[in-house]
Amino acid sequence: MPRAIIAGAFAIALAALASFAAGGAKMKITSSAFQEGANIPSKFTCDGADTGPPLQIADIPSGAKSLVLIVDDPDAPGGLFTHWAVWNIPPQSSGVGEGSAPKGVQGTNDFGKSGYGGPCPPSGTHRYYFKIFALDRELDLPFGAKRGQVDAAMKGHVVGQGELMGRYSRKK
């Protein structure tokens, strides 16, 4: 009987460790411009000023060495479309001001530019995920690196993450 209890406790501990390794601690990313699952105001899209919304970040793990911000659209016709990627953001950051970029290294988005590229769906309503990741190290990537490079460099180093989803459809 004691052996079964020990084996069960070990399995639970292993599952908890695997869960932590897969995504780490739960962080919060919010915006004063829109709520989770709500519509993103056109001001922050290609139909408006095309500037980034204000973002607030909370519950950053104490051991984080850097943050990564990624904004993407999984509903794009060609598959996952990256609108923004920034890494090596100082872990003391508590957010990003409206129309600003966080301190860090900007990647190349799928528009072929660095910086934020707002929602601009060709048709229908798309979901846009604002994702924040805490890492146990900084990434050794150059300015302009692409999303695949960022994902590969982050692998195995995520100690926390959070996401905010907003929706947008263009008015015709």
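How many bridges join S4 to S8, and do these strands run parallel or antiparallel? There are 7 bridges between S4 and S8, and the two strands run antiparallel. This report describes a predicted model.

## The sheet

S4 and S8 belong to an open sheet of 6 strands, ordered S1-S9-S8-S4-S5-S7, in which the pairing is mixed. Its edge strands are S1 (25–26) and S7, each of which pairs on one side only. Within the antiparallel pair of S4 and S8, Leu69 has Ile132 in S8 as its bridge partner.

S8 and S9 also run antiparallel, and 10 bridges join them. Here Tyr129 stands opposite Met165 in S9. S8 is mostly covered, with 9 of its 10 residues buried.

At the S7 end of the order, S5 and S7 are joined by 2 bridges and run antiparallel. Trp87 has Val105 in S7 as its bridge partner.

The bridge counts of these pairs are set out below.

| Strand pair | Direction | Bridges |
|---|---|---|
| S4 and S8 | antiparallel | 7 |
| S8 and S9 | antiparallel | 10 |
| S5 and S7 | antiparallel | 2 |

## The nonpolar cores

In soluble globular proteins, nonpolar side chains tend to be buried together. The largest nonpolar core in this model has 23 residues. Those with the most contacts inside this core are Ile29, Leu55, Leu67, Leu69, Trp84, Phe130 and Ile132. At least two core residues come from each of S3, S4 (66–73), S5 (81–89), S8 (126–135) and S9 (158–168). S8 gives the most, with 4 residues.

Two of the core residues named above, Leu69 and Ile132, are also the bridge partners in S4 and S8.

Setting aside neighbours within four places in sequence, Leu55 is in contact with Ile29, Thr30, Ser31, Leu69, Ser94, Gly95, Val96, Phe130 and Leu164. Apart from this core lies another, of 14 residues, including Leu139, Val150, Met154 and Val158.

## Helix H2

Helix H2 (residues 147–154) lies across S4, S5, S8 and S9, and runs at about 135° to S4. Which residues of H2 are buried? They are Arg147, Val150, Ala153 and Met154. Seen down the axis of H2, the buried residues fall within an arc of 130°, so they line one face of the helix. That buried set packs against S4, S5, S8 and S9. Gly148 and Ala152, on the other side of H2, are exposed. Just after H2, Gly156 takes a positive phi of about 85°.

Arg147 lies in H2. Why does Arg147 count as buried? Its relative accessible area is 13%, and a residue is called buried under 20%. The side chain of Arg147 makes a polar contact with the side chain of Thr82, at 3.1 Å. Not counting residues up to four places away in sequence, Arg147 touches Ile70, Asp72, Leu80, Thr82 and Lys131.

Is Gln106 buried or exposed? Gln106 is buried, because its relative accessible area is 12% and the limit for burial is under 20%. A polar contact of 3.0 Å links the side chain of Gln106 to the side chain of Trp84. Trp84 is also one of the residues with the most contacts inside the largest nonpolar core.

Beyond residues up to four places away in sequence, Gln106 touches Trp84, Ala85, Val86, Trp87, Ala101, Ser114, Gly115, Phe143 and Gly144. Among these, Trp87 is the bridge partner of Val105 in S7.

## Ala33 in a loop

Ala33 sits in the loop between S2 (28–30) and S3 (55–58). At 26% relative accessibility, Ala33 counts as partly exposed. How far apart are Ala33 and Pro54 in sequence and in space, and what is the separation taken between? The two are 21 residues apart in sequence and 6.7 Å apart in space, C-alpha to C-alpha. Pro54 is also one of the contacts of Ala33, together with Pro41, Phe44 and Pro53, when neighbours within four places in sequence are left aside.

Key. Residues numbered from 1 in each chain as written. Predicted model: local features only at pLDDT ≥ 70, side-chain atom pairs only at ≥ 80, totals over all residues. Heavy atoms only, no water. Buried < 20%, exposed > 50% of the residue type's maximum accessible area, 1.4 Å probe, protein only. Polar contact = N/O pair within 3.5 Å; in protein donor to acceptor, adjacent residues only side chain to side chain. Contact = heavy atoms within 4.5 Å. Core = buried A, V, L, I, M, F, W, Y, C linked by side-chain atoms within 4.5 Å. Pairing = 2+ DSSP bridges. Axes fitted to C-alpha atoms, helices over the stretch in contact; angles between N-to-C directions. Arc of directions from axis to C-beta.
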